[in-house]
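Here are my notes for someone opening this model for the first time. Have a look at the sequence and the fold, then read on.

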Amino acid sequence: MSSSPSPLLSARGSRLALLVVGLCWLAVLFDGLDMFIYGSVLPHLLETRTFGLTADQAGDLGSYATFGMLVGALVAGTIADRIGRKRLMVACVTLFSLASGVCALADGVAVFGLGRTLAGVGLGGLLPTAISMVSDYAPRGRGALVIGLLMTAHHAGGILSAYVAKWLIDPVGWRAAFWVCVLPLLFAPVLAKLLPESLSFLVAKGRGEEARALAERYDVEVPAARTGGAGDRWTSLATLFRGNEWIQTLLYWVASFGGLLLVYGVATWLPTLMRAEGYELGSALSFVVVFNLGGIVGMLVAGRAADRFGAPRISALWFGLTAAGVFLLSVHMPMTVTMIVVFLTGVFLNSAQTMIYATVSIRSAADNRATAVGWTSGMGRFGAVFGPWLGGQLLASGNGDRGFTAFAVAGLSSMVFIGIAALRTSKRTPSGGERELVAAH
């Protein structure tokens, strides 16, 4: 085999890759804005008793969105492998944008909860689909880094949500924040027009002429057709359990459960818990900004480290450090020290979960990748549903400080399970085309 890079590999660094990553980055930015906006306005909703909202009801509302994300993640991955990633991404952006309009118009908890549930379906479907899309065009050996770069958009959206809340709640009202989240609807036609479909998806579906036309337009080569690809959605799912793969699959699913419990528990309740500790609303929202700035740094650092040392290993280490940081938040510290801890917790927490997705995506075949990532994300969404609910119950019972401890325990459990997956991966003796993949990740 020649050691020189193939035309396809060199083309993956071309303008086509930049176009795909850029458009997906913007879509995930809007995803992050919509996801974090509830946590950003929640202290105000509780303080003003909007809709008569109590802490346990607020936890339930947070779980509605994550339940919708569970449904979206489970369904979207399989649908994307059948109808294409592009059309599904457009549909997801449209859905969560319109759902935010429902929240802005809500006259009670029931309608507001419906809007958050529908938004969750779109949010849950977009992320694994975007990850699968950019994975198709990532340079070899840089897959985790590209996924980490994509996920910086999610945390940029979180930062944006904090500023939207700070700028709009006092002068205009909380509904204005949700109207801002409707604006990504204008991006859906842009995505539909400019985003190319996955070349590997087109080839896998026998749409060779379309793939060749797209490749010629951007001066790239068409990937070779795979044999024995996933047939229907159940065949795609069954592929995750063939041979000894079921062990790795279950390890990733359980680790994802703990990781998303931690991510969405903290994302929903961080500003409220800090507000309960005596910080002003503006200061509490500043923690959201610092937390997501840490997330951006963490994505870039973790992606590069994972490309060198392996995504499962980095994920396990990051979860351990996250657990330590979250536990420290239950200890009263000076403001400066608290900010540093929040920043470092953001660095490790968000990228730890993303490296689970990176591992699954990189280890999966192109024609089954969306299903693998979607189901890993979907199983983790059970933790995402449980996390906001748990925080609400603890806060309502006057045990808010114990929420940080509970979230820290979730981080330790994910560290154990992804660590076992890392050890199993390192002991494998891969064959064929998988050797380079496992060696790098």
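The points below go from confidence to contacts, charges, cysteines and the surface.

1. **Ground rules.** This is a predicted model, so local features are taken only where pLDDT is at least 70 and side-chain atom pairs only at pLDDT 80 or more, while totals for chains, interfaces and linings use all residues. Numbering starts from 1 along each chain as its sequence is written, and side-chain values use heavy atoms, with hydrogens and water left out.

2. **Confidence overall.** The number to know here is pLDDT (the predictor's confidence in each residue, from 0 to 100). The protein averages 80, and 85% of the residues score at least 70. Helices and strands here are DSSP runs (H or I with at least four residues for helices, E with at least two for strands), numbered from the N terminus.

3. **Where to be careful.** Two stretches deserve a mention. Over residues 227-231 pLDDT stays under 50, and the model has six contacts there beyond four places in sequence; a contact means heavy atoms within 4.5 Å. Residues 428-441 also stay under 50, with 21 contacts beyond four places in sequence.

4. **Ser 40.** Is Ser 40 buried or exposed? Ser 40 counts as buried because its relative accessibility is 1%; the cut-offs are under 20% relative accessible area for buried, over 50% for exposed, and partly exposed in between, with a 1.4 Å probe and protein chains only. This serine belongs to helix α2. Setting aside neighbours within four places in sequence, Ser 40 touches Ser 161, Ala 162, Ala 165, Ile 169, Leu 285 and Val 288.

5. **Leu 105.** Leu 105 is part of helix α4 (residues 85-105). At 62% relative accessibility, Leu 105 counts as exposed. Beyond four places in sequence, Leu 105 still has contacts with Arg 175 and Trp 179.

6. **Salt bridges.** How many salt bridges does the structure hold? There are three, each being a side-chain nitrogen of Lys or Arg within 4 Å of a carboxyl oxygen of Asp or Glu. Arg 116 and Asp 34 make one of them, at 3.1 Å from N to O. That pair links distant parts of the chain, 82 residues apart, with Arg 116 in helix α5 (residues 109-137) and Asp 34 in helix α2. Both partners are buried: Arg 116 has a relative accessible area of 1% and Asp 34 one of 0%.

7. **The other two pairs.** Glu 209 and Arg 212 meet at 2.6 Å, N to O. They are three residues apart in helix α10 (residues 208-218), so about one helical turn separates them. Glu 209 is exposed at 59%, whereas Arg 212 is partly exposed at 44%. Arg 207 pairs with Glu 210 at 2.9 Å, N to O; Arg 207 is partly exposed at 29%, as is Glu 210 at 39%.

8. **Cysteines.** A disulfide is a covalent bond between the sulfur atoms of two cysteines. With the cut-off set at sulfur atoms within 2.5 Å, a search of the whole structure finds zero. Cys 181 is buried at 1% relative accessibility, and Cys 92 is buried at 6%.

9. Look at the loop between α2 (15-47) and α3 (55-83), where Arg 49 sits. Arg 49 has a positive phi near 55 degrees without being a glycine. Phe 51, in the loop between α2 and α3 too, has a positive phi of about 60 degrees and is not a glycine either. Arg 49 is partly exposed at 48%, and Phe 51 is partly exposed at 28%.

10. **A nonpolar patch.** Val 254, Leu 412, Met 415, Val 416, Phe 417 and Ile 420 form a nonpolar surface patch with about 430 Å² of accessible area together. Helix α17 (residues 400-427) supplies the largest share, five residues. Patches take residues with over 30% relative accessible area and no salt bridge, joining like charges within 9 Å and nonpolar side chains (Val, Leu, Ile, Met, Phe, Trp, Tyr) within 5 Å. The areas come from the Shrake-Rupley method with a 1.4 Å probe, and for residues only the protein chains shown count as cover.
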